[in-house]
Amino acid sequence: KILAVLFAFLLWIMVYNNEDPVKSKFLYVNVTVTNASYLEEQDKYFEIVGGTNRISLSVSAPRSILNELDETDFTAVADLNNITISEDGTSGTVPIEVTTKATSDEVKVTVNNKICKLALENLMSKQFVISANVSGEVSKGHALGDVKVTTPTVLKVSGPESLVNSIADIR
């Protein structure tokens, strides 16, 4: 009886290894954004929203191939040249292209979320005069002299409109 169980187990292992069944697994890949200069040329700032900077993939392949695959074998790219901007100009979507390093035709990849969502905002530049601000009290026996800003006296700040407008002054 023991030999029969041992023989059955060895036979099962041989068949399982020879058949190489198709298996599936989920992988999570970071999205790389390319051609950001396209939006900068249109004076737009973008930020990825809704967790769409990471996508999930369902990968199916024979077990021998699937065991060798991991996240580094896949690339997900959102090319901003392909952006679709909303009518009000405050949001946009970009299709995500997924490629694999796997050379086998037996590898099947299903992308669960194929778009990257962006929040858009106008870029702006604003110049601020740098001023000196004295705080605290002068120690006893000391005097406060002239306080002035040396070169440069003007600072140019560039960035998203909401952030640049939140700057009141530079001290």
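Author: Relative accessible area is classed here as buried under 20%, exposed over 50% and partly exposed in between, using a 1.4 Å probe and protein chains only. At 45% relative accessibility, Phe-9 therefore counts as partly exposed. This is a predicted model, in which local features need pLDDT of at least 70 and side-chain atom pairs count only at pLDDT 80 or more, while totals for chains, interfaces and linings use all residues. Residues are numbered from 1 along each chain as its sequence is written, and side-chain values use heavy atoms, with hydrogens and water left out.

Phe-9 is placed in helix H1, residues 2-19; helices (H or I, at least four residues) and strands (E, at least two) are DSSP runs numbered from the N terminus. Together with Leu-3, Leu-6, Leu-10 and Trp-12, Phe-9 forms a nonpolar surface patch with about 580 Å² of accessible area. The areas come from the Shrake-Rupley method with a 1.4 Å probe, and for residues only the protein chains shown count as cover.

Turning to the interior, a nonpolar core is a set of buried Ala, Val, Leu, Ile, Met, Phe, Trp, Tyr and Cys residues joined through side-chain atoms within 4.5 Å. The largest such core has 22 residues, of which Ile-55, Leu-57, Val-59, Phe-74, Val-94, Ile-96 and Leu-118 touch the most other members. Two or more residues each come from strands E1 (22-34), E3 (54-62), E4 (74-79), E6 (91-100) and E8 (115-129). Strand E3 gives the most, with 4 residues.

Beyond four places in sequence, Val-59 is in contact (heavy atoms within 4.5 Å) with residues including Leu-27, Leu-66, Leu-69, Phe-74 and Val-107. Ser-56 also lies in strand E3 and is buried, with a relative accessible area of 13%. The side chain of Ser-56 makes a polar contact with that of Asn-112 at 2.9 Å. A polar contact is a pair of N or O atoms within 3.5 Å; within protein, one must be able to donate a hydrogen and the other to accept it, and residues adjacent in sequence count only if both atoms are side-chain atoms.

Key. Patches are made of residues with over 30% relative accessible area and no salt bridge: like charges are joined within 9 Å, nonpolar side chains (Val, Leu, Ile, Met, Phe, Trp, Tyr) within 5 Å. A salt bridge is a side-chain nitrogen of Lys or Arg within 4 Å of a carboxyl oxygen of Asp or Glu.
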